[in-house]
Amino acid sequence: MRNKLKITFLGAAGTVTGSKFYLEHENLKIMIDCGLFQGLKELRLHNWENLPLDVSQLDYVILTHGHLDHTGYLPRLIQQGFQGTILGSMPSLEIAEIILKDTAKIQEEEAKRANDEHYTKHSPALPLYTSKEVLKTLELFKSVEMETWIELAPEIKFKFSPAGHILGACFISLDIHGKIFLFSGDLGRNKDVLLEAPAKPEWADYFFLESTYGNKIHPQEDIEAILTELIKDTIKEREILLIASFAVERLQILIYLLWELFKKNKAPEIPVFIDSPMGINAFHIFSRYPEYHKLTQADFEAMKNRFELVSSFGRTWEIIDKNEPRIVIAGSGMLTGGRILTYLKQFIDVESTRVVLSGYQAEGTRGRQLQDGLSEIKIQGKYFPVKAKVITLEGLSAHADQKELLEWCKHIKNVPEQVFLIHGEKHVSDAFRVKLESELNWNVKLPKLYDEIEIDM
């Protein structure tokens, strides 16, 4: 390993989830992100596998942001002997804490339910990790300021720069012996309702670039008009409007947009229930970090007073039983868990129900199945016919599209020695590869899961 750097792609290679990139140097061992695989079963099974490395020798995990597909594997590192330091921006670490605690709780509850109701092939079903293991993980968190170079070892340093996407999200510039390894993380939009546009990088010798929407331009949807029509239809049908939302940033955007509609009298009044304990916790994080977003404290107070924030699961059933038109925003955004499933089991087979998908739906998730028009979905061991109307709001995406990604890349002054497209489905990344090679004349590769590269330093 002397004078060499080995990089192993342990996730988000040929797929959108499971971001994990292992960098092995003679002086230091680092992992960039540490996420769970979601969606396809063949990917999710990797979550149960130990990593092909000595985790006890890992010095640092550096997080681009707090989402599950970038942080959700961290307690599994603890199980495998990790004792190093987990670095992130302060908001990212707080978001990761919420997500990890919620994930462990869901895992524990689902394992118990599967055992009690006997719809598991495993005897017994076990959680991927426990709440106690999450608490051990949190003890290793250490926050880092934006745009500040942090030395990790002699001639190795890194800094965070704002990436948009969600609160506290960063891209990482890692300087190893004078060469810059740039990890984009997930890049946000140029004109986000809540967040500033991503900062612009200037240099990358080796570039690890997300490609979630590398083949696509987001539609110019009139979200206000779409929401207004959905509200009017829900009132007319005297039924329920279910909005599946990611807990961080997407939920806050939805709350803001609905609040604006009602404040400006653009939409008729209707009860709105925010049934996402994790999203409510994330909402409070926004109020603690005003320097990371555009909204004022007065906006937060007004929004909180307008909508009901639901914590109790008992209240969920009261909302289900209401005989009046209402809006429910609940997680998870890809229907992989959370309280949205309780609502779907009651209403997915009702033709007058409207189900809104408010973001990216990974392969193999219930959200993607609904998006693709599947006639029935499986929830907690049972199949439910899909009769509800399903609507996808693509204009709310927190990911940069192809045009925004290209524009961001063009700020890099040099031609990178090598570009690796990550965090994208294979056909999407390949389409973006063609675009980068033709427009920027970059040397682009599409790594596969567990691929390794060696770089002379």
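Helices (H or I, at least four residues) and strands (E, at least two) are DSSP runs, numbered from the N terminus. The model is predicted, with local features needing pLDDT of at least 70, side-chain atom pairs counting only at pLDDT 80 or more, and totals for chains, interfaces and linings using all residues. Residues are numbered from 1 along each chain as its sequence is written, and side-chain values use heavy atoms, leaving out hydrogens and water.

**Ring pairs**

Select Phe313 and Trp317 in helix α10 (residues 313–321): they are 4 residues apart, which means a separation of about one helical turn. Rings of Phe, Tyr and Trp (its six-membered ring) pair if their centres lie within 6.5 Å; planes under 30 degrees apart count as stacked, over 60 as edge-to-face and the rest as tilted. The structure holds 18 such aromatic pairs.

Next, select Phe171 and Trp408, an edge-to-face pair with 5.2 Å centre to centre and 80° between the planes. Phe171 belongs to strand β9 (residues 170–176) and Trp408 to helix α13 (residues 402–409), so the pair ties together parts 237 residues apart in sequence. Phe171 and Trp408 are both buried (under 20% relative accessible area; exposed is over 50%, partly exposed in between; 1.4 Å probe, protein chains only).

Go back to Phe313 and Trp317, which also form an edge-to-face pair, at 6.4 Å centre to centre and 80° between the planes. Phe313 is partly exposed at 41% relative accessible area, and Trp317 is partly exposed at 34%.

Then select Phe9, Phe21, Phe183, Phe208 and Phe420, a cluster linked by ring pairs.

**Charges over rings**

A charge sits over a ring if NZ of Lys or CZ of Arg is within 6 Å of the ring centre and within 35 degrees of the ring normal. Select Lys20 with Tyr73: Lys20 lies over the ring face, 4.7 Å from the centre. At Trp259, the charged end of Lys263 is over the ring, 4.1 Å from its centre.

**A buried strand residue**

Which strand holds Phe273? Phe273 is in strand β13 (residues 272–275). Phe273 is buried, at 3% relative accessible area. Leu242 is 31 residues away from Phe273 in sequence and 9.9 Å away in space, C-alpha to C-alpha. Show the residues that Phe273 touches (heavy atoms within 4.5 Å): not counting residues up to four places away in sequence, they include Glu308, Val310, Arg315 and Ile319.
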